[in-house]
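Here's a quick tour of a disulfide and a helix pair. Have the model open while you read.

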Amino acid sequence: MFVFSKLVWIFGQPLSLAFLFVLLAFIAALLRWRATVITSALLSALILFVSLYTTAGAYVVQTLEERFPHPAADPADLKCMIVLGGATQNEVTTVRGGYELDSAGDRLIEALRLAQKYPQARVVISGGDGSIGGTYEGDAVISERFFTALGIPTSRMVEDKTSRTTFENAVNTKELLAQNGLSECLLITSGFHMPRSMGIFRKQGMNVVPWPVDYRSTGKESLGFDFTQPSRNAQLLATGLREWVGLVGYYAAGRTSALYPGP
């Protein structure tokens with residue numbers, strides 16, 4: 001299931017679909033299927049235009065990010081926080097060492113801020129190597145280096161080094177919380193990832209408090225054209241659609257509490 005889901009997304013993301021339609025148009029041209037050539041070429045062009053030159057991606061991501069608003073203030077007390085993986089550049093650190101953060105690095109930065117403010121809080125780090133080959137350092141390993149380098153002792157950390165998906169994050173974390181007598185933790189992950197994460201954690205019977213970070217939209221996005229930043233537009237659309245594929249797939253598999261979990 002893990003490898004299948006990875007392959008589905010490799011070929012199912014917008015730019016990959018655009019390429020596949022171009023390939024189909026080329027094959028159809030060789031076979032002289034004129035209608036298929038025209039249809040495939042138009043679909044490829046449409047996908048590319050929407051991905052590169054519209055705000056569709058930002059708008060989709062924004063709706064996901066606004067599903068669980070960030071709390072207005074820090075908690076009065078904090079016993080534990082769960083930090084989901086996906087914030088580090090595993091391929092780079094496997095070779096170079098250190099703790100290189102990616103675009104979701106706010107997950108670790110916010111966890112560090114809270115860990116410094118609440119010295120009694122435990123930090124539950126959930127994330128292994130999510131690559132198909134399984135040849136890289138996992139998120140928990142890199143995150144441990146990050147926290148210890150910035151003054152958080154390993155005695156405060158609880159690590160899940162094997163999970164590769166959000167579902168595995170929840171299953172493994174549930175066991176770790178029980179082993180360490182922890183409950184009512186903050187759940188720290190990207191805003192766009194929070195609906196799916198909350199649905200999965202709820203399905204596992206865990207009472208966690210959503211703590212979204214790593215916002216990718218301004219909060220004031222609307223649908224329209226944008227010719228100024230095509231690469232960002234394409235990345236946002238891929239991010240938003242990937243979450244929706246995950247929401248639908250996990251709901252169909254019975255792994256989440258609702259199709260579109262909310263507060």
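Predicted model: local features only at pLDDT ≥ 70, side-chain atom pairs only at ≥ 80, totals over all residues.

## Disulfide and helix packing

Residues are numbered from 1 along each chain as its sequence is written, and side-chain values use heavy atoms, with hydrogens and water left out.

C185 pairs with C80 in a disulfide (cysteine sulfur atoms within 2.5 Å), with an S to S distance of 1.7 Å. The structure holds one disulfide. The torsion about the S-S bond of C80 and C185 is about -90°, so the disulfide is left-handed. The two cysteines sit 105 residues apart, in distant parts of the chain.

| Cysteine | Relative accessibility | Location |
|---|---|---|
| C80 | 0% | strand 1 (residues 80-84) |

Helices (H or I, at least four residues) and strands (E, at least two) are DSSP runs, numbered from the N terminus.

Now for helix 8 itself. Helix 8 packs against helix 9 (residues 194-203) at an angle of about 40°, with the axes 9 Å apart. The crossing of helix 8 and helix 9 is right-handed. On the helix 8 side, T166, F167, N169, A170 and T173 are in contact (heavy atoms within 4.5 Å) with R196, S197, I200 and F201 of helix 9. By class, that contact has four nonpolar, four polar and one charged residues.

Note on methods: Buried < 20%, exposed > 50% of the residue type's maximum accessible area, 1.4 Å probe, protein only. Axes fitted to C-alpha atoms, helices over the stretch in contact; angles between N-to-C directions. Left-handed = near helix turned anticlockwise from the far one by under 90°. Nonpolar A, V, L, I, M, F, W, Y, C, P; charged D, E, K, R; others polar.
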